[in-house]
Amino acid sequence: MSAAVYTNLSTSGLSAAGVIRSEWIKLRTVRSTIWAFAIVVAVSVGIAVLMASTGFFGDEPLPAEAQTSIVLQASTFGVYFGQLVMAVLGVLVISGEYGTGMIRSTLTAVPKRIPALAAKAIVLFLSSFVVGAIAILASYLVAAPILAVQDIAATVDGAFIGNLLLAALYLALTSVFALGVGTVLRSSAGGIAAALGIVLLLPIIVSAIAGFSGAQWAMDVSPYLFSNAGSGMYTGGSLEQWQFTLIVAAWTALSLGAGTLLLKRRDA
Amino acid sequence: MIHAQALTKRYGAKTAVDDIDFTVRPGLVTGFLGPNGAGKSTTMRMIVGLDRPTHGGVTVNGRKYAEHRAPLHEVGALLDAKAIHTGRSAYNHLLAMGATHGIGKARVNEVIGMTGLESVAGKRVGGFSLGMGQRLGIAAALLGDPATLILDEPVNGLDPEGVMWVRRLARSLAAEGRTIFLSSHLMSEMALTADHLIVLGRGRIIADAPVADILAGSTRTAVRLRSPRAEQLAQLLAGPQVSISTTEQGLLTVTGLTAEVIGDTAAGAGIPLHELTPVGASLEEAYMDLTQDDVEYHAGTTTPEGALR
């Protein structure tokens, strides 16, 4: 029997910065991320070109406010599609780990678990925000000269740029919301179905009910739905923009909170 | 050092691990043996906190795994060769795992070299064979240069050369004073690799002893003898506790009697012996004895499905 007892003398250890770096490496080293981000940018720019070049806005000069609104719409129309891609990506970031068994490696390295999910959320949020901002700014930059031909130009002020960034923020929150959904359901198919159901289908169903039966509750609840509130964040509507932002943030907190609770309690 | 106390895991009505106590000591290779579903993997998952014990607990070097400042430096675990994202390259997998603990590229390249993965490190794990996946899992376990290594079925899917490599690796890491805890269903493998055995059956410990003791304790210690008058000798040796089998003319295998008793009996009757050899039971036989007893003992007290998940 050996008397020696091996002791690891290295001074490095688990750290928040390390866990975040680990999740960043993971996010950028799978193809689904690269594809998702490329699609968000490409589709957003493509739709902006399409919108700007096919729109006809009359011969009379429009008021400045209406012009700004047209440019904003052309620049952010791709968000309707981008939100779906971000939702799929957010689910895959965690369901891909459950599907492959990678989650056991992740949770062995970070046995307290919650820091791993928090790091995933931070990394996903920041990179989705940056990609969303690039997509929307690029869309603005290609749409603006095309619209200028028809004498349509935005008044580029703080509010306008703020709206573009709010659209990017919505995309980032969508991916984190979906991360929470994926953590709860732990399956790619189920997670994507649920996330897209909430983002895409729920507003359609509610508006169909409202249109069909004229039910007041359906009309009342509509602005509080995830994607309705999401578009309200950068276009406004029946509530203030900051209120819409809070509604989307609340959805995100709810899903991520449920995911956190279950991640901590369940066996991996 | 791994220390389990009253460790229990139930899944609904089924008990996977039933109130077990054991200690895995440093400087030794401790084998964890048991039939499929005996609770080995569940026990190993509980050690690193992936499964939460229903009752009792387990510590590594005096603390729960999750409470260590640098878990990967304490324990390296290969729990499931498939615990790797198939869409990522081996190198990036190791880099991401190491990053959590500030372990950098130099160490990643080191473990890639140690496990012989240089030529495939840049390839996506999805295309790996079972053996390569196993090597990558072992590389990940070694990443933190841990004092304790837990390997669940490490030789699964490895070629003979790989099996030899794991055996040498386990022995050399134990010689450095590390705690090595490995499970295997290959009992012959255990006989060659392990110093100490913990045998699990239906979630309970049936044996916890040095390999040599388990072999010696087997009821199947036999004696092989060759004689021109084998039939006559067989009649003399026959008794209630003795079993005699013959596979060819003049060759007997006797269990229940020692070589001394057989030799003296033959000499007393003037029967010539051409061979008299005590045959040590294989670990496999010893193990079958142990688990068989366990099954019989528990048949009336557990559910028909047993303790399996």
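## Finding His85(B)

Let's start with one residue of this predicted model. His85(B) sits in a loop of chain B, between strand E5 (75-78) and helix H3 (90-99).

Is His85(B) buried or exposed? Count its surroundings: 24 C-beta neighbours lie inside 10 Å, and 20 or more are enough for the label, so His85(B) is buried.

Which residues does His85(B) touch, leaving aside its neighbours within four places in sequence? From chain B, the contacts are His93(B) and Val125(B). From chain A, they are Val30(A), Gly96(A), Glu97(A), Thr100(A) and Met102(A).

For contrast, take Ala238(B). Between the C-alpha atoms of His85(B) and Ala238(B) there are 62 Å of space, and the two residues are 153 apart in sequence.

## Where the two chains meet

Now step back to the whole meeting place of the chains. Here 37 residues of chain A are in contact with 43 residues of chain B. On the chain A side, helix H1 (16-28), helix H2 (31-54), helix H4 (79-100) and helix H5 (102-109) each provide at least two of the touching residues.

## Chain B as a whole

How many helices and strands does chain B have? The tally is 11 helices and 13 strands. Chain B contains 309 residues, and 46% of them are buried.

Finally, look at contacts within chain B between residues at least 6 apart in sequence: 71% of these link residues at least 24 apart.

How values were computed:
Residues numbered from 1 in each chain as written. Chains lettered and ligands numbered in written order. Predicted model: local features only at pLDDT ≥ 70, side-chain atom pairs only at ≥ 80, totals over all residues. Contact = placed C-beta atoms within 7 Å. Helix = DSSP H or I, 4+ residues; strand = E, 2+ residues; numbered from the N terminus. Buried ≥ 20, exposed ≤ 12 C-beta atoms within 10 Å, placed from the backbone.
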